[in-house]
Amino acid sequence: MTMEIVVETARMLGADALIEIHSSHIDGCLYHGDSGVLFCEKLASEGARVVVPATTNVGALNLLKPDQSRLSPDQRKMAYRLMMAHEQMGCTPSWTCAPYQAGARPALHQQVAWGESNAVAFVNTVLGARTNRYGDFLDIACAITGRAPYYGLHKPENRRAKLLIDVSALPACLLREDAFFPVLGALTGRLAGETVPLIDGLPTATEDQLKSLCAGAASTGALALIHIVGITPEARDHATALGHLPPEEAVTVTPDMIRQTRDSLSLAPDGAIDSVALGSPHFSTAECRMLLSLANGKPFRVPVYICLGRHTMRALAADGTDKGLADLGVEFVTDTCVVVTPILPAEPGVMMTNSAKFAHYANGNTGHAPVFGTLKECVTSAQSGHVVRDVEVWE
Amino acid sequence: MTTQTTPLIPGTATGTALRLDAPISFWGGVNPQTSEITLAGHPQRGTAIAGTILIIPQLIGSSSSSAVMLELSRAGLAPAALILGSRDAILPVGVIVARQMGWPAIPVLVLPDPPFQTGETLSIAHDGRVTNA
């Protein structure tokens, strides 16, 4: 069954060969309905096992706290069965959408088959590994067969940037701001669609900033690879990333474009908020520590959810950061996240976030209206119960 | 009028075209229990895709969309066919798995800049020809 899926996909995409892959990240463990559970249990019961390291993306349950998701008993059972079927097939139970921060880091030029749009964009962009966007079922089929269709971004010639996005005209302080990166990501996704872009003019970027950029771009567009001059491994310079050809299109980003994109991530006016959701992609240890530091001991008046992997929970427990955050009122969400399963307050309200991906998906998936802000704005807003802005950031 | 498309998954279907006026990810954009478009701000929010010949000029978003496609198939809420503007594996894989599980498998065609408009009655032949009645 799995080889048929891989071969049929190759045929549909016009690929004339399969390649061996070195790892996979499996997106199919999130419960969307019983059909996926039945398929994975069929594979597992027929003895299918992964032949390459295969990490799991989020499921619909926090396995450490299954009651956290307000699913019906039947849905909870099926969500659990789906996660267990993946363990039975030999997957590494990482249950995170940021597996690249939990030790799964493909090497430069390595061929892999990853699912989860942000993780796909991250390993292509930041690590220079080669993957297309693998959807549910094809990802597990590739992990079981150890093969993937040779097409798209697996081929070096398709990784060339064609759209130049120049951010060098933006103020230097904005280019360093954490919240600029998810906004630039959202803008990049909208500008590029499916075209590989090259961002020029970013002086530096931390891994967490690149993580949020990739997640934003992969939410608003079908982007799986973004080159960033001087920062990402396949874009040491302009010419390399562009394949020594002129760009087919070029856009100069203005401060207005950034502010408009930022505003488009909010669907509610500034006012009272009902919750704050952080961690799409899953929050890193550094991001959790930053949150604790920004809160400065002042407790939150609305629920603050941090979605994160167990690898991060372990690191937070080691130095007491977990206790510090819990004392402020943080609710930790491991193994899953608040836009894929009902955890946010049952009554739809206003959810503040610093994540472009949460902002993009929150309303459709949860009914909550997102308000986008910086992490500092999320903290001060959670402490006061209404949106508090730090306007200087965007000037 | 007859238009030749490339069948990714051959099959026959007849139905009313629904052309997406803005890109959509099935995951986060289509409710698998009702087939309605749920994406905030989408011009066709609230429209059900079940039974339509769904024209998708541009794809975006999540790689979980295969699972939504499979769920729609099992629930009998799948579109009658998909016509994609570019080759893509995410939705067709949901159709292939549906076929393997013995659930309805719909035709999937590809045609750059598909000319079909919402409301047109379309017939799809096994060889990928689409006839506008």
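## Model and confidence

This is a predicted model: local features need pLDDT of at least 70, side-chain atom pairs count only at pLDDT 80 or more, and totals for chains, interfaces and linings use all residues. Residues are numbered from 1 along each chain as its sequence is written, while chains are lettered from A and ligands numbered from 1 in the order in which they are written.

Chain B has an average pLDDT of 93 (the predictor's confidence in each residue, from 0 to 100). In chain B, 97% of the residues score at least 70. The ipTM is 0.90 and the pTM is 0.92.

## Where chain B meets chain A

Contact joins 30 residues of chain B to 35 residues of chain A (C-beta atoms, placed from the backbone, within 7 Å). Helices H1 (65-74) and H2 (90-100) of chain B each give at least two residues to the side that touches chain A. Helices (H or I, at least four residues) and strands (E, at least two) are DSSP runs, numbered from the N terminus. H1(B) supplies the largest share of that side, seven residues. The side of chain B that touches chain A has 16 nonpolar, eleven polar and three charged residues. Here Ala, Val, Leu, Ile, Met, Phe, Trp, Tyr, Cys and Pro count as nonpolar, Asp, Glu, Lys and Arg as charged, and the others, Gly among them, as polar.

H1(B) is mostly covered, with ten of its ten residues buried (20 or more other C-beta atoms within 10 Å of a residue's own, C-beta atoms being placed from the backbone). Among them are Met69(B), Glu71(B) and Arg74(B). The buried residues pack against H2 (34-45) and H5 (138-145) of chain A, and against H2 of chain B. Gly76(B) follows H1(B) and has a positive phi, near 75°.

## A parallel sheet in chain A

Five strands of chain A make an open, parallel sheet in the order E12-E11-E10-E13-E14. Strands pair if DSSP finds at least two bridges between them. E12 (330-334) and E14 (369-372) of chain A each have a single partner strand, so one side of each lacks a neighbour in the sheet.

E13 (residues 350-353) of chain A pairs with E14(A) over four bridges. Thr353(A) has Phe372(A) as its bridge partner in E14(A).

## The largest nonpolar core

The largest nonpolar core holds 177 residues (buried Ala, Val, Leu, Ile, Met, Phe, Trp, Tyr and Cys residues joined through C-beta atoms within 7 Å). Ala121(A), Leu198(A) and Ile306(A) touch the most other members. Helix H7 (residues 180-192) of chain A gives the largest share, eight residues.

Methods:
Two residues are in contact if their C-beta atoms, placed from the backbone, lie within 7 Å. A residue is buried if 20 or more other C-beta atoms lie within 10 Å of its own, exposed if 12 or fewer, and partly exposed in between; C-beta atoms are placed from the backbone.
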